[in-house]
Amino acid sequence: MKISLLACGVALTFASIVQAGEMPKGNNWPQARFEQNNYQTTSTVADVAQFMAALQIKDKSLSSYRPKIGPRNTETGQPLNAWRLAATGKDPLRVYINAGIHAGEVEGKDAIQIILRELVQGKYPEIRQAIEIVTLPTYNADGADAQDPLNRRHQPNPAGGVGPRENAFGIDLNRDMMKAAAANTRWMLAMYQDFQPAAVFDLHTTNGSYHGFHITYEPAWATGGDASLQGLNRKMLTDVRATMLPRGMPTYDYGNFRYNKDKQIDGWESAFSTPNLVSNYPTLQYALGVLVETYVYRSYKERIEDNRLYVVELLRWLAANKEQVKREQAAAKARWADQWKNNDARLPLRTEMTLAETYSFDVVDPVKDANGQIIGEKSRTKMDLPAYVAFKAVDEILVPQGYLVDPAYAEKLRPILEAHGLKVLPGSARPKDQALMYFDETERNIAKDTFQGIFTAQIKGQWKEQIPEKRAGYTWTKETLDKALYVPLNQPLGRLGFYLLDPRSGDGLVYWGYLHAYYARGKGMWGEPPRQPILAVGSAAANHTAESVAGKPERVQE
């Protein structure tokens, strides 16, 4: 039935193209919706599908893409339409390009249509030879069709308006990579397992400072990513920056001006190093990541063109450095494996922003209309400022052999862990010669307001062999341990497993409320608490040090 419906959908798409008179003939090429109406409207989900179907007639190597697992639609039934453009050369580098995650930020969605057409036309043979692309231009498919002139009025928009930021359930899809609550996110995680991209681009529009850069960018800075791979990621972006500047496109690291206590600008700083962002998450999958932020105050047409030029230049860099990227990816995986061979696997609990360089910035004093759009400039001042646009690891610890997840949570957590690509074993497969570690909680902060609809939990403490509870209503027994989920960290994606399952993680499943039944018990719950839902295996996790600690046999709560 699913195959029949898909076939019907394709047939209807082609039929609609014929009826609309848009079937390409001879040397005619399909036009995107905004090209047809002189930038009066941005593309809908159906518009993009129609354009791509017409482009497929020109080049059979462009095909619809579906990961082998994962949803086909959003929760409201909107299709998650993606396309794959095969490379012309052997052993290509795989790149995933995401657009429209915030449906009011439309230029990436529209630019990628032009880029694919140009690639099919043969304009960038070096890219076609070296790069294979998957793209989902309308990632927030719910929002893509909910266009309204009242959305994002501070940016110059097409007359038909743009979509809302969040999906139909109010989820910001660019804060969902770790908790994977949305169907869109589970689609992307399935794409990682199926397509295994070497680089991921996420195309956005800014909301921040009046800085004058046409594009701001950010590499994948997630806590715990391989430092050398992240270094190559940053080099790619600074190389492209140097290429674009003489072509009249100033670009720089994403961020905002920093102000001192006297409200004077004293620096430029970035914002995020959490893997819940689409552009940060790739580093935990050994891929390069790029956040692309088009300057919100430029015209709709200019923003599309800025996106097109910048993404093409990123692809050119990847094509020219294909072998180096592959070598660095392989080396990063080998470094993680070597840490385990040496019994010295370490990861930081957090990162801190650090000085990267001093750079010359334009500080714009804008003239704005009633909607907040810039209609002029009072002045533009050059300032050399310290740029805090890099992150350093803090609180590095030796990690445990793995984690045991209470079997009571197995049905809830196994799908998420496996969606991320982690190997999940039965608890009986845990190393029996290693001590069981219980989390000794020293501080708990449950948010007083919701984030993504969740009262998040920030937990501090250490793993210890002593059972911290005076008494629990349910105990860990040998039978319970055997039925638990065991997630070993000595696996290629062990870094990701650590940040999903360690209670101290600032972006893990504890933080996102998946274990609130234990970590967010209120005053009205006066009975004995349940057993700890996560145990660590291996006493190397006991202290905030990098010194090895000899393992001891496991013990269970009596």
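Mentor: The count comes to 26 aromatic pairs. The rule takes rings of Phe, Tyr and Trp (its six-membered ring) with centres within 6.5 Å; planes under 30 degrees apart are stacked, over 60 edge-to-face, and the rest tilted. Take F213 and W268. Their ring centres lie 6.3 Å apart and their planes meet at 75 degrees, so this pair is edge-to-face. The two sit in distant parts of the chain, 55 residues apart: F213 is in the loop between β5 (199-205) and β6 (215-219), and W268 is in strand β9 (residues 265-269). Strands here are DSSP runs of E, at least two residues long, numbered from the N terminus. Both F213 and W268 are buried, meaning under 20% relative accessible area with a 1.4 Å probe, protein chains only.

Now Y403 and W463. Their ring centres are 6.0 Å apart with planes at 45 degrees, so the pair is tilted. Y403 belongs to strand β15 (residues 402-405) and W463 to strand β18 (residues 457-464), so the contact ties together parts 60 residues apart in sequence. Y403 is buried, at 0% relative accessible area. W463 also counts as buried, at 0%.

A word on the basis. This is a predicted model: local features need pLDDT of at least 70, side-chain atom pairs count only at pLDDT 80 or more, and totals for chains, interfaces and linings use all residues. Residues are numbered from 1 along each chain as its sequence is written, and side-chain values use heavy atoms, with hydrogens and water left out.

Back to the rings. Ring pairs link F213, Y252, F257, W268, Y359 and F361 into a cluster. Charges meet rings as well. The charged end of R175 sits over the ring of F272, 5.2 Å from its centre. K179 places its charged end over the ring of W512, 5.2 Å from the centre. "Over" requires NZ of Lys or CZ of Arg within 6 Å of the ring centre and within 35 degrees of the ring normal.

Last, the second largest pocket. A pocket is an open set of points on a 1 Å grid over the protein atoms alone, where a 1.4 Å probe fits, with protein on both sides within 12 Å along at least five of seven lines; lining residues have an atom within 4 Å of a point. This one is lined by 23 residues, with L349, R350, R504, S505 and G506 nearest its centre. Elements giving two or more lining residues are β11 (346-354), β14 (390-398), β17 (436-446) and β18. The largest share, 5 residues, comes from β11.

Technical notes
Helices (H or I, at least four residues) and strands (E, at least two) are DSSP runs, numbered from the N terminus. Buried means under 20% relative accessible area, exposed over 50%, partly exposed in between (1.4 Å probe, protein chains only).
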